[in-house]
Amino acid sequence: MTGKAYLVGSGPGGLGLMTMKAREVIDGADVILYDQLPGEEILATLPRDAELVDCGKYGGNHTLEQDEIEALMVERVRAGKTVVRLKGGDPFLFGRGGEEVETLREHGIRVEVVPGVTSAIAVPEMVGIPVTHRRYASQVTFITGHEDPTKPESALDWEVLARLKGTLVILMGVKNLPAIAAALTANGKDPATPVAIIERGLRPDQRVTVGTLADIAEKARGAGVRPPAVIVIGGVVELYEGFEG
């Protein structure tokens with residue numbers, strides 16, 4: 001078997017924040033499995049002589065389920081192909097990259113991970129929100145806003161999360177934002193805690209919605225906020241130029 005699999009992080013959006021290693025691997029691929037998260041600018045540069053497989057989720061519908069994606073990767077590598085699973089941000093931060101590596105290794109597939117700049121840090125950063133700051137936050141916690149629905153119970157301890165003094169960054173949390181805000185305040189988080197939602201970060205149609213835990217769900221609903229978006233909760237949001245406390 002001469003093929004090989006790569007899990008490639010494309011960064012938070014745009015060619016400027018894609019690594020040179022990612023560009024090199026993508027350009028040498030025979031097969032690229034992608035979704036919409038890398039963004040149109042990056043997707044427009046995928047090599048047209050490669051087999052391009054859309055694995056995205058659109059309106060709640062998956063073009064391919066996760067087991068189908070993994071089976072296709074195994075099949076193509078066994079056929080001697082260089083296969084890239086292209087992901088937004090970093091492959092190992094809520095991107096199911098760990099599961100894909102497990103499956104590939106179980107099948108004896110050679111696999112290499114190409115790290116990417118994560119949107120969890122870069123997107124807030126590019127609108128002027130640092131996830132840590134000596135005055136506001138000495139720690140940052142990343143959580144998913146969309147857990148596996150087949151889990152018998154949540155793996156997130158909202159009581160602990162509500163007590164944290166640092167910054168909370170939530171990915172894939174737009175749909176569940178009302179429940180997230182309610183869980184934090186019910187467990188003691190100050191309802192006046194600042195919140196920012198950055199939609200489509202680093203893209204031409206980027207938009208920021210700010211508020212507090214008490215009103216952010218209502219503001220998001222009124223503004224028609226949609227994914228993809230990064231949600232930042234904590235005092236660092238006060239550093240956003242458009243924040244009015």
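Helices (H or I, at least four residues) and strands (E, at least two) are DSSP runs, numbered from the N terminus. This is a predicted model, where local features need pLDDT of at least 70, side-chain atom pairs count only at pLDDT 80 or more, and totals for chains, interfaces and linings use all residues. Residues are numbered from 1 along each chain as its sequence is written, and side-chain values use heavy atoms, with hydrogens and water left out.

View 1. After α5 comes Gly-128, and its phi is positive, near 90°.

View 2. Looking at the helix as a whole, α5 lies across β8, β9, β10 and β12, and runs at about 80° to β12 (axes are lines fitted to C-alpha atoms, for helices over the stretch in contact, meaning heavy atoms within 4.5 Å; angles run from 0 to 180 degrees between N-to-C directions).

**View 3. An open sheet of five strands.** Read across, the order is β8-β9-β12-β10-β11, and the pairing is mixed (two strands pair if DSSP finds at least two bridges between them). β8 and β11 (207–212) are the edge strands with a single partner each, so one side of each has no neighbour in the sheet. On average, neighbouring strands here are turned by 20° against each other, direction ignored.

**View 4. Where β9 meets β12.** These two strands run antiparallel and are joined by four bridges. Look for Val-169, which sits opposite Val-232 in β12.
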